[in-house]
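Colleague: I am new to this structure. Can you show me how to read its features, one at a time?

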Amino acid sequence: MHASNRTARTAGILFLLTFASAITGAALYAPLLTDPDYLAGAGTDTRILLGAVCELVLIVANIGTAVVLFPILRRYSETAAVGYVAARIMECALIAVGILSVLTVVTLRQTAGADAGEYRPVARALVAVHDWTFLLGPGFVVGIGNGLLLGFLMYRSHLVPRPMALFGLIGGPLMSLSGIAVLFGAYEQSSVPSALATLPEIIWEASLGIYLTVVGFRRPRDSGADLAADVDSRQQAA
């Protein structure tokens, strides 16, 4: 298998892994995030800890997509490629803060005992921290990095079909603008307008993961570096 196809398939698998780990993690977190009396209840700590593991896998997969694709994408715009890596790292930093807030709630439940009621405001504040990190990370930064920057790089390079890349170019900014709207209280993050604004970005990331895994890269447009290398090789052969 050609090296570029191995890179494409590795990136595709990592993108699909981000979907699986993010969805699973969110589902496992649900009792803690939705039950205001989680501290005083029986608790499902093992489930929450498994959710944290899923989000750790998400962090690794997120950064993995950027690291794997960077050597390819930098040929078409090093500035945009570096920006994509930086956005992925920023997204993962926010996810990590969310993980810490959730794990702290678990610790409070395990140690509070009969005083659990006194710590409810603290637990609710920590859940709010998680919600804000989710909004600012997967809800805003992803639109800039995975959407706008990666969409631009894929559109410019022709590594995937351009109509597919347009979902990123359009969906990314739309998702980020929706995140700002939620920030200012225009609607809830779990509302229909938010879901509709997020849909193009979801289509982009899912289709990209599937395409790279199944098909790989299309024949890329020659970059300046590729042309220079080709000229050098021909001169040496002569």
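Predicted model: local features only at pLDDT ≥ 70, side-chain atom pairs only at ≥ 80, totals over all residues.

Colleague: At what angle do helix 3 and helix 4 pack, and how far apart are their axes?

Modeller: The angle is about 165 degrees, and the axes lie 8 Å apart. Helix 3 covers residues 78-112, and helix 4 covers residues 120-157. Their crossing is left-handed. The contact between helix 3 and helix 4 has 23 nonpolar, nine polar and two charged residues.

Colleague: How should I read a nonpolar core?

Modeller: In soluble globular proteins, nonpolar side chains tend to be buried together. Here the largest nonpolar core has 24 residues. Leu 69, Leu 73, Leu 150, Met 154, Val 160 and Leu 212 touch the most other members.

Colleague: Which elements give two or more residues to this core?

Modeller: Helix 1 (3-34), helix 2 (45-73), helix 3, helix 4, helix 5 and helix 6 (192-214) do. Take Leu 150: its contacts include Phe 15, Leu 69, Tyr 84 and Trp 204. Another core, of 20 residues, lies apart from the largest one. Leu 39, Ile 48, Ala 112 and Ala 123 are among its members.

Colleague: What about backbone angles? Where does His 158 lie?

Modeller: His 158 sits in the loop between helix 4 and helix 5 (162-183). Its phi is positive, about 65 degrees, although His 158 is not a glycine.

Colleague: What is the relative accessible area of His 158?

Modeller: It is 24%, so His 158 is partly exposed.

Methods. Residues numbered from 1 in each chain as written. Heavy atoms only, no water. Axes fitted to C-alpha atoms, helices over the stretch in contact; angles between N-to-C directions. Helix = DSSP H or I, 4+ residues; strand = E, 2+ residues; numbered from the N terminus. Left-handed = near helix turned anticlockwise from the far one by under 90°. Nonpolar A, V, L, I, M, F, W, Y, C, P; charged D, E, K, R; others polar. Buried < 20%, exposed > 50% of the residue type's maximum accessible area, 1.4 Å probe, protein only. Core = buried A, V, L, I, M, F, W, Y, C linked by side-chain atoms within 4.5 Å. Contact = heavy atoms within 4.5 Å. Lists of a residue's contacts leave out its neighbours within four places in sequence.
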